[in-house]
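I opened this notebook to record what I looked up in one model, entry by entry. The order follows my own reading of the structure.

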Amino acid sequence: ISMDAIKIYSKENLGFVFKQIICVIGIIVAGVAVYYGNKFIDKKKNNSYVSTSSYPVEAADWILENLDVNNIKLFNEYNYGSYLLYRGIPVFIDSRADLYAPEFSGKDEDIFSDFLDISNFGMDYEDGFEKYGITHVILYQDAKLNNSLKLDKNYKQIYSDKHFVIYERLK
């Protein structure tokens, strides 16, 4: 019997057994990964991908339904310009700040610096809007500039939701 045991548990047979064990473990791990992956995907597939508190999802819908995007000049904030572009709405600025510097834009204006000045009151917003021919403004509800435009009779609020507001410039 001891000779039979030695033959059964030789290096070659043990190698084969270990390969079989590793294969079974691999199949089990893959199965568990697929199972939990599907559970994770099922939880997420009905959630909206874009946060309506960070990006103007509903406001963009409203713009596309109510404004002629080819004939407006929209002043927007930096953080969601890329989302508006994705929706087909031309923007004042987006997160590719380097493209708005004079060396890349091909214009004499430093659009990024002007955006910062307008947003932070380093420049009178009316002067900045006049300079760029702005016709409409979209802002976060809690933006500093929103507080000024609410009180300015040259601006008419035309849209508002929980997170965003849109003004039409009357001048």
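**Entry 1: ground rules.** I am working with a predicted model, in which local features need pLDDT of at least 70 and side-chain atom pairs count only at pLDDT 80 or more, while totals for chains, interfaces and linings use all residues. I number residues from 1 along each chain as its sequence is written, and side-chain values use heavy atoms, with hydrogens and water left out.

**Entry 2: confidence.** I looked up pLDDT (the predictor's confidence in each residue, from 0 to 100), and found a chain mean of 86, with 82% of the residues reaching 70 or more. Confidence is lowest in helix H1 (residues 2-8), with a mean of 56, and highest in E3, at 98.

**Entry 3: make-up of the chain.** I took helices (H or I, at least four residues) and strands (E, at least two) as DSSP runs, numbered from the N terminus. The protein chain has eight helices and four strands, and from the N terminus its elements follow the order α-α-α-β-α-α-α-α-β-α-β-β. With buried meaning under 20% relative accessible area, exposed over 50% and partly exposed in between (1.4 Å probe, protein chains only), 32% of the 171 residues count as buried. Where contact means heavy atoms within 4.5 Å, I noted that among contacts between residues at least 6 apart in sequence, 50% join residues at least 24 apart.

**Entry 4: the sheet.** In what order do the four strands of the open sheet lie? I read the order as E1-E2-E4-E3, with mixed pairing, two strands being paired if DSSP finds at least two bridges between them. Strand E1 (74-75) and strand E3 (155-160) are the edge strands, each pairing on one side only. E1 pairs with strand E2 (residues 136-140) in the parallel sense over two bridges, and phenylalanine 75 has valine 137 in E2 as its bridge partner. Helix H8 (residues 144-151) packs on the sheet and touches E1, E2, E3 and strand E4 (164-169), its direction making about 130 degrees with that of E2; axes here are lines fitted to C-alpha atoms, for helices over the stretch in contact, and angles run from 0 to 180 degrees between N-to-C directions.

**Entry 5: aromatic pairs.** I counted rings of Phe, Tyr and Trp (its six-membered ring) as paired if their centres lie within 6.5 Å, with planes under 30 degrees apart called stacked, over 60 edge-to-face and the rest tilted. The structure holds 16 such pairs. Phenylalanine 75 and phenylalanine 92 form a tilted one, at 5.1 Å centre to centre and 45 degrees between the planes. Because phenylalanine 75 lies in strand E1 and phenylalanine 92 in the loop between helix H4 (81-86) and helix H5 (102-105), the pair ties together parts that are 17 residues apart in sequence. Both of these phenylalanines are buried. Tyrosine 125 and phenylalanine 129 also form a tilted pair, at 6.0 Å centre to centre and 55 degrees between the planes; both lie in helix H7 (residues 125-132), four residues apart, about one turn of the helix, and both are buried. One aromatic cluster includes Phe75, Phe92, Tyr125, Phe129 and Tyr155 among its members.

**Entry 6: the core.** I took a nonpolar core as a set of buried Ala, Val, Leu, Ile, Met, Phe, Trp, Tyr and Cys residues joined through side-chain atoms within 4.5 Å. Which residues touch the most other members of the largest core? Of its 37 residues, these are Phe75, Phe129 and Val137. Setting aside residues up to four places away in sequence, phenylalanine 75 touches, among others, Phe92, Phe115, Phe129, Val137 and Leu145.

**Entry 7: single positions.** Threonine 52, in the loop between helix H2 (11-44) and helix H3 (57-66), is partly exposed, with a relative accessible area of 37%. Its C-alpha atom is separated by 7.7 Å from that of histidine 163, 111 residues apart along the chain. Glutamate 126 is placed in helix H7 and counts as buried at 12% relative accessibility; beyond residues up to four places away in sequence, glutamate 126 touches Tyr155, Arg169 and Lys171.
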